Amino acid sequence: MLRNDLFCCITQLGRERFHKSQHFALVEGLPKLVGLEKPGIGGEPLPGQKIKAAHSVYPKVDGSHVPSWLAFDKQVLCFEAYFQEKEPYQIRKCKVYFYPEDDTIKVVEPVCKNSGIPQGTLIYRHRIPLPPPNDDQYYKVFHFNINQQVVFYSRTFTLTNCDTFTRNFLTRLGVQLNDPAPVPDDPYSRQRQQFEKNTNPIPPYEKNNKLRQFLDYDRQVLRFYCFWNDQENPSAKPRELILHYFLFDDTIQIHEVTSAKAGNKSAVKFLQRRKLPKSLPAQVDQLGGDTESILLNVLGSDGLGNRFMADRLKTGAVKQDFYKDCDLRIGGEVNVWGRRVVIADCDEFTKQHYRFKYGIEDFTPVKYKLPPTPKPPKTLPPYNGFGSEEDSLSSCYGIQLRRPRKDLQSFLEKDSIVLKFRAKMKTDDGNERKRKFVISFYPCDGTMSVYELSLKSSGMPGGKFLRRSVVKKPGQSKPSERYTAQDLYVGAELHISGQTFMLVNADEYTLKYMEQHAEEFSKANTGNILSKLRSIPEDKKSEIKKFLTLSDPNNTGLISYESFRNMLMDLDCGLVDHEVLVLGRTFSEQQQPEDDVALMLAVAQDTLRRKLYDDFQSLTLAFNKQDPLKNGRIPRKMAWNICESVHLPVSENLLGTLLTKFEGADGIDYQAFLAGINWVEHPASPVKYEDILRFEVNARVGAVEAGRRNVNYSALLQDVLNLSSNCKDAE
């Protein structure tokens, strides 16, 4: 007993499964034994028990470990087969389908008309067991091969051939396929075929299958542009037509192109959609003569009933040739019931159809009408002086008056940008020439304002000479052209309010703005200026070098701006004053001098004190509201808008210069700016009247005068004119 227990313990070593199979169950409420084929403890077979094989998975070891229902999903092996019926002797062809995902099989026999035997699916899809004595196993993929027999439920099927997918599938599994087997002759099937061939029933209809043409060409229409010369009215112009050819039923429809100005009251539809014959029929078709088939009344008696049959002999049928797509060509004619319609052109889809179907490549259109006469230019009436000129022109472009549109994007991008120039009058009167003006141009809306500076003992009070408005150029055509930013540069002449002004200078901000946007301002484009200097003759280059050398006896390489400007203007190099100024700034000796920030803040505090402005708390709250990060920095444009919204009584020149001084890489340091202009908490020392006048009127023009002192002409000679500045060479 101890020995048997020891043997059982040794045999159980390494086992992990000890479950028991369920052998009894309730079937329809009755306990029955259902586990005769179930294994013993742990899935081990009982003595003398054979376990049926599970579903096959191919390959099982060498391939991937995915399940068979996923590896062989939607894959079907198809075999051609036949089986034999003895009484009567008959060979019945069928197809055997094997599904590798679950080893199921389906047998289908093609349905023959009037066969008298049940056909279709002979064996529905399921696992089929092998014939006895191996009926406990099922068919697998290795049981199938060409030119061999399989037995399904005592019926023998001979596999004769298979499709390409099945052949490749079995070859990859290592199955060596046999040669295809021939199908035996079937006397019964041959007899039925001969009988059906000899029997020619006459149905009451003719088979006219146009489904293929409908499926291939549905919604495909060829479009041709045609014209027709009306013979009854020779003086009339050719009438334009559009021909539509429907490919799916070979019908034609023609529309006429009419216009309201032509006065043609004819119908738009020139030809109703139908098949168009190539020639007129000799006689009018009788009722029902244009149908596709004719039925004959066999009995013709009311008492015997009506019996009809198709007229296969087509008695009395009239053959007509109708237009097809092959008959339509560019330059060809179409007979539309006696009217000669000429095809002039077609659309792109029609060209692709003829290229693909007929290989035609020549689609040269037919010219049948003269080119349209050009429209006369529209003459605009002169401006009557009421309202703006753009508003008055809107009544000339349409009946409904509309407000002229403004360029909102340009207004938002160039808002707060002001270009300032110093100007003087161009006149013979000496007193008038002494007057000084500041012309401000606003690129956001193209307006301009003129301010006159007051001079002591001049008799001119100064102040606003021209309010901000649009200034038109004199002697322009209609509509009048206005001055733009490109028309303003140092040396330019402007005609404003009957006076001629010459721009003699510009502030630092304007010069920098024009140089930074050189693609818009050609006079400030350094590349264009240098190109003009490089293109001057060689004799002028020698004169320039000689003059510069004589003006610099110490050979320092520097020359004053006044001498540099007079030299270029006297030699007539084709440069204006602004281009000379830009050239002098490019080759200047030093950078622009920095303004005194403390002096500028003192001037701003004096202005705020005189204007009685002390609401710095509201100004600080406005800046803090626009700073969500609370880092003390906001953009320059936002700071400018805040100062304008609270009506800060500081001039635009001084405010813009101060914002520039407090501007960094990440924005304006508004806390330092507010602390500097707060005259209540941080009062500054008193300032002189000259400083106030300098920053209030034109704070930046003086910086230009101080900045352009000397010009480095040696760099100009070497880089631009390719000449040396050595004095010995000049001697």
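Is Pro649 buried, partly exposed or exposed, and what is its relative accessible area? In this predicted model, Pro649 has a relative accessible area of 22% and is therefore partly exposed, since the buried class requires a value under 20%. Pro649 belongs to the loop that joins α17 (636-645) and α18 (652-661). Leaving out residues up to four places away in sequence, Pro649 touches Thr607, Leu608, Lys611 and Tyr613.

The largest nonpolar core has 52 residues, and within it Ile439, Met448, Ile496 and Phe564 touch the most other members. This core lies between domain 3 (412-517) and domain 4 (526-587), because both domains give residues to it. When neighbours within four places in sequence are set aside, the contacts of Phe564 are Ile559, Val580, Leu583, Gly584, Val711 and Leu716.

A helix pair comes next: α10 (residues 508-516) and α14 (residues 577-586) have axes that come within 12 Å and cross at roughly 90 degrees. Helix α10 is therefore roughly perpendicular to α14, as crossing angles of 65 to 115 degrees fall in that class. On the α10 side, the contact is formed by Glu508, Leu511, Lys512, Met514 and Glu515, and on the α14 side by His578, Leu581, Val582 and Arg585. Sorted by class, the residues of this contact comprise 4 nonpolar, 1 polar and 4 charged.

The backbone also deserves attention at several loop positions. The peptide bond from Pro132 to Pro133 is cis, and its omega is near 10 degrees. Pro133 is located in the loop between β6 (120-126) and β7 (148-152).

Two residues other than glycine have positive phi values: Asp250, with phi near 60 degrees, and Lys630, with phi near 55 degrees. Asp250 sits in the loop between β10 (239-246) and β11 (251-256), whereas Lys630 sits in the loop between α16 (616-625) and β24 (633-634). How do the relative accessibilities place Asp250 and Lys630, as buried or exposed? Asp250, at 13% relative accessibility, counts as buried, while Lys630, with a relative accessible area of 60%, is exposed.

Notes
Residues are numbered from 1 along each chain as its sequence is written. This is a predicted model: local features need pLDDT of at least 70, side-chain atom pairs count only at pLDDT 80 or more; totals for chains, interfaces and linings use all residues. Side-chain values use heavy atoms; hydrogens and water are left out. A nonpolar core is a set of buried Ala, Val, Leu, Ile, Met, Phe, Trp, Tyr and Cys residues joined through side-chain atoms within 4.5 Å. Buried means under 20% relative accessible area, exposed over 50%, partly exposed in between (1.4 Å probe, protein chains only). Domain bounds come from an automatic or database domain assignment. Contact means heavy atoms within 4.5 Å. Axes are lines fitted to C-alpha atoms, for helices over the stretch in contact, and angles run from 0 to 180 degrees between N-to-C directions. Helices (H or I, at least four residues) and strands (E, at least two) are DSSP runs, numbered from the N terminus. Angles under 35 degrees count as roughly parallel, over 145 as roughly antiparallel, 65 to 115 as roughly perpendicular and the rest as oblique. Ala, Val, Leu, Ile, Met, Phe, Trp, Tyr, Cys and Pro count as nonpolar, Asp, Glu, Lys and Arg as charged, and the others, Gly among them, as polar.
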